[in-house]
Amino acid sequence: MSQLFAIIFRYRVFLLFVFLEFVAAGLVVNNNSYQRSIVLSSSNTFVGGIYNTTSNISQYFNLTEVNEGLLDENAILRKQIELLQIGESTDSLKTTAKEHITNLFYGMSDTVAYDFIPARVINNSMYRSANYITLNKGRKDGIVEGMGLMTKEGVVGQVKTVSDHFSTCYSLLHRDMNVSSELKRTGDLCTVKWDTQDPATASVNYLPLHLDINVGDTITTSGFNTVYPEGVMLGVVSEASRVPSERFWLVTIDVSVDFSKLHHVYVTKSLFRAEKDSLEQIAEE
Amino acid sequence: MGRETWLKQVGVFFVYLFAQVVFCRNLTFFEGNVMIFPYVAFLVLLPFGANNMKLLNIAFAMGLIMDIFYDSIGIHSAACVGMAFTRYQIMKVTAPSSGYDLSDVPLIGQMGFGSFVTFVIPQVLIHHILLFCIEAADWGFMPKALLRAFLSSIATLLIILAIQYLFYRGFSKRRI
């Protein structure tokens with residue numbers, strides 16, 4: 001027995017090394033279970049507080065850019081108001097006006113089904129294989145795990161963990177992100193996945209071969225999973241090829257959001273999510 | 001380590017942590033191919049005689065704190081622990097014929113440019129290769145990860161050298 005202890009003592013450094021590496025590996029593998037991830041992620045109060053302070057300082061350097069973005073968005077919203085007013089004055093125009101509106105702003109078909117919570121990006125990365133975004137709003141502002149993130153340009157990500165005042169979100173540039181999407185022109189369903197490790201592109205899976213896909217086609221969200229509204233931009237097809245051994249098109253899109261200029265986002269809150277999910281659950285049973 | 005040096009190391013720990021999290025985290029160059037992680041210098045530049053068990057634990061703690069800030073739980077920890085484990089072997093290989101003075105801290109002023117770099121670069125390389133390869137998590141991206149690791153190691157080394165020349169020049173003869 002004492003010899004055993006002597007051996008353990010002799011190799012204690014190596015054993016500790018192996019032990020710590022196992023702990024680290026365990027953490028890497030279990031990164032998605034979120035009991036521990038609130039403490040061990042950037043949404044905890046201390047880390048979030050530091051990121052908030054640093055971004056409070058650095059945001060002054062982007063003000064011009066942010067203002068221009070807000071101006072663009074204001075213009076779109078103004079147009080929306082105009083169209084609404086037209087719609088109210090003449091009944092016959094109402095339906096066309098509504099169609100116009102839905103196409104103008106995010107192309108949403110069902111605007112009321114979603115609420116938007118504006119938030120500021122206080123931490124963002126784009127050159128890793130698993131990128132995360134930290135927002136300066138959390139549970140107290142109504143954010144819940146699983147909500148979507150978008151800007152007027154398109155899909156940004158999805159909320160991963162929430163603390164009272166901060167939230168950590170998967171960026172669209174995360175290898176585990178799957179976005180239910182559709183080819184806008186035909187309405188065919190597909191899935192956008194970021195497996196290119198390039199912050200400017202993503203790939204589109206499950207587009208069947210009988211479709212005609214051209215460079216320049218738009219991919220938008222499908223709205224099936226109540227994370228994003230229907231018709232939010234994801235990107236434009238930059239490369240599409242049929243490979244004989246594959247059952248689906250190999251499609252690459254240029255991501256519509258410029259992640260290097262991400263300052264403000266909207267968190268999408270589906271008002272009917274719980275209802276839809278429980279209905280679907282009943283149907284499955 | 002005496003009490004005073006211990007406190008000093010804790011101070012240095014927080015300085016590196018702060019610098020990494022607030023400044024270096026946002027610095028990426030050449031489309032993400034070059035990132036800098038000068039915080040590893042804290043582990044590399046602990047005294048030569050640092051207890052191996054302590055070293056591993058400190059490395060794990062440092063890595064875990066970085067992971068929390070980078071939202072990359074486990075990756076920095078694994079890289080730091082791997083680096084700390086190889087430190088002793090590297091010390092054996094790179095030691096001068098008279099051996100290192102175990103009460104010394106690795107400083108460029110004392111060791112000279114050549115032996116300082118040969119002591120630091122293998123550790124930085126091991127850390128960066130582990131970091132980028134674990135992160136890539138996909139064999140297809142390994143070449144890219146290795147390229148990034150090499151380029152980033154050079155950048156990190158340059159920063160570490162700059163820190164040495166800027167802040168530790170006066171310590172060439174004195175011991176911390």
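1. Strand E8 of chain A pairs in the antiparallel sense with strand E11 (residues 250-255) of chain A over 4 bridges; two strands pair if DSSP finds at least two bridges between them, and strands (E, at least two residues) and helices (H or I, at least four) are DSSP runs numbered from the N terminus. Within this pairing, A:Val204 stands opposite A:Val251. This is a predicted model, in which local features need pLDDT of at least 70 and side-chain atom pairs count only at pLDDT 80 or more, while totals for chains, interfaces and linings use all residues. Side-chain values use heavy atoms, without hydrogens and water.

2. Strand E7 (residues 189-193) of chain A also pairs with E8(A), in the antiparallel sense over 3 bridges, and here A:Asn205 is the bridge partner of A:Thr191. Because 4 of the 5 residues of E8(A) (residues 201-205) are buried, the strand is largely enclosed by the rest of the structure; buried means under 20% relative accessible area, exposed over 50%, and partly exposed in between (1.4 Å probe, protein chains only).

3. Over all chains there are 5 salt bridges, each a side-chain nitrogen of Lys or Arg within 4 Å of a carboxyl oxygen of Asp or Glu. One of them links B:Glu135 and A:Arg128 (3.5 Å, N to O), and since B:Glu135 lies in helix H6 (residues 113-136) of chain B, whereas A:Arg128 lies in the loop between strands E1 and E2 of chain A, the pair joins two chains. Both B:Glu135 and A:Arg128 are buried.

4. Another salt bridge connects A:Asp258 with A:Lys261, with the closest N and O atoms 3.6 Å apart. A:Asp258 is partly exposed at 37% relative accessibility, and A:Lys261 is partly exposed at 47%.

Terms used. Residues are numbered from 1 along each chain as its sequence is written. Chains are lettered from A and ligands numbered from 1 in the order in which they are written.
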